[in-house]
Amino acid sequence: MAVDIRKIGVIGAGQMGSGIAHVCALAGLDVAFNDISSDRLTAAIGRIDGNMQRQVVKGAIAETDRVEGLSRIRPVDSYAGLADCDLVIEAATEDEQVKRKIFSELCPQLQPGTMVASNTSSISITRLAASTDRPERFIGIHFMNPVPLMQLVELIRGIATEDETFESSKALIDRLGKTVAVSEDFPAFMVNRILLPMINEAIYTLYEGVGSVDAIDTAMKLGANHPMGPLQLADFIGLDTCLSIMQVLYEGLADSKYRPCPLLVKYVEAGWLGRKTQRGFYDYRGEHPVPTR
């Protein structure tokens with residue numbers, strides 16, 4: 001039997017956490033929003049307001065929906081502020097040690113029946129669940145970016161996840177108006193196991209001099225009808241996140257075909273992480289993006 005989820009906790013005020021808070025609030029759920037930085041929380045709520053305003057302009061939601069949705073998002077400065085949530089979703093950086101630390105500090109603050117989820121895009125749900133005091137109430141809920149626009153949500157059970165946790169999470173996704181794709185708990189699940197090797201191969205194509213940034217992206221947009229090129233998409237995702245996922249695939253599946261391209265490693269080492277740092281495969285500091293190679 002599914003639990004009726006009424007209040008959501010969201011940890012992480014980045015792109016993903018903000019998007020999750022956004023869609024949950026518009027769906028009528030109360031949202032307790034947490035981040036290690038109060039400034040990041042304030043900025044994230046401002047971005048959510050701006051994104052909701054754009055939805056109003058496009059006619060996707062009414063102005064009253066925006067006002068009521070924003071009123072449901074409450075910033076909290078500690079995990080104790082998440083104590084009365086029915087479900088807490090972690091949306092921190094794609095680093096297993098960071099996530100495990102969050103769960104070790106979070107769980108003692110929660111009620112015994114509270115469910116916990118990770119928005120990880122690649123890391124083992126079973127392994128993350130084992131770092132908590134409630135593996136049976138732990139699940140992977142992987143939203144796609146940008147959350148308000150993307151229809152799909154991957155749902156991943158760990159080995160200990162109980163049916164009630166799964167059904168409750170599925171009911172939540174249905175309430176958000178999104179579509180569930182159930183994945184087994186393998187490295188990078190489904191979407192990123194297919195998508196990231198394609199991006200990595202595009203980077204190898206650049207690294208080996210087969211084509212330029214512009215040529216590769218144009219080829220895939222016009223030749224494969226992709227809405228954006230793989231290198232542009234990598235910049236949008238974040239090159240550090242792309243590298244993390246490829247490392248999970250390479251280490252988890254022990255297959256050389258998943259080896260991260262050395263050029264991807266070099267860009268991350270340089271701090272050129274894509275749009276969020278204004279430089280990646282494109283330079284975003286001017287009026288229009290300019291390829292960096």
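Biologist: Before we start, what does buried mean here?
Modeller: Buried means under 20% relative accessible area, and exposed means over 50%. Partly exposed lies in between. Keep in mind that this is a predicted model.

Biologist: Okay. Take F189. Is F189 buried or exposed?
Modeller: F189 has a relative accessible area of 3%. The cut-off is under 20%, so F189 counts as buried.

Biologist: Where is F189?
Modeller: F189 sits in the loop between strand 8 (179-183) and helix 7 (191-207). Its phi is near 60°, a positive value in a residue other than glycine.

Biologist: Why point that out?
Modeller: Because most residues other than glycine have a negative phi.

Biologist: What about Q278, what is its phi?
Modeller: Q278 is not a glycine, yet its phi is positive, about 75°. Look in the loop between helix 11 (262-269) and strand 9 (282-283). Q278 has 35% relative accessibility, so it counts as partly exposed.

Biologist: Now the peptide bonds. Is the one from N145 to P146 cis or trans?
Modeller: That bond is cis, with omega near 0°. P146 belongs to the loop between strand 6 (138-143) and strand 7 (152-157). For background, most peptide bonds are trans.

Biologist: Where do I find P289?
Modeller: P289 is in the loop between strand 9 and strand 10 (290-291). It is partly exposed, at 47% relative accessible area.

Biologist: What does P289 touch?
Modeller: Leaving out residues up to four places away in sequence, P289 touches Y282, D283 and Y284. As for R279, it is 10 residues from P289 in sequence and 9.1 Å away in space, C-alpha to C-alpha.

Biologist: Let's go inside. How many residues are in the largest nonpolar core?
Modeller: The largest nonpolar core has 35 residues. Those with the most contacts inside it are I8, I20, F33, L87, I141 and F143. Helix 1 (residues 15-26) gives the most to this core, with 6 residues.

Biologist: What does I141 touch?
Modeller: Among its contacts are L87, A117, V153, L155 and I173, with residues up to four places away in sequence not counted. There is also a second, separate core of 26 residues. That one includes A234, I245, Y258 and L264.

Biologist: Back to helix 1. How many of its residues are buried?
Modeller: 10 of the 12 are buried, so helix 1 is largely enclosed by the rest of the structure. They include I20, H22 and C24. Just after the helix, G28 takes a positive phi of about 95°.

Biologist: And what should helix 1 span?
Modeller: At 1.5 Å a residue, its 12 residues should span 16 Å. The end C-alpha atoms are 17 Å apart, which agrees.

Biologist: Which residues of helix 2 are buried?
Modeller: In helix 2 (residues 38-58), the buried ones are L41, A44, I48, D49, G50, M52 and Q55. Their cover includes helix 1, strand 2 (30-34), helix 3 (63-71) and strand 3 (73-76). Helix 2 reaches 31 Å from its first C-alpha to its last, close to the 30 Å expected.

Technical notes
Residues are numbered from 1 along each chain as its sequence is written. This is a predicted model: local features need pLDDT of at least 70, side-chain atom pairs count only at pLDDT 80 or more; totals for chains, interfaces and linings use all residues. Side-chain values use heavy atoms; hydrogens and water are left out. A nonpolar core is a set of buried Ala, Val, Leu, Ile, Met, Phe, Trp, Tyr and Cys residues joined through side-chain atoms within 4.5 Å. Buried means under 20% relative accessible area, exposed over 50%, partly exposed in between (1.4 Å probe, protein chains only). Helices (H or I, at least four residues) and strands (E, at least two) are DSSP runs, numbered from the N terminus. Contact means heavy atoms within 4.5 Å. The expected span of a helix is 1.5 Å times one less than its number of residues.
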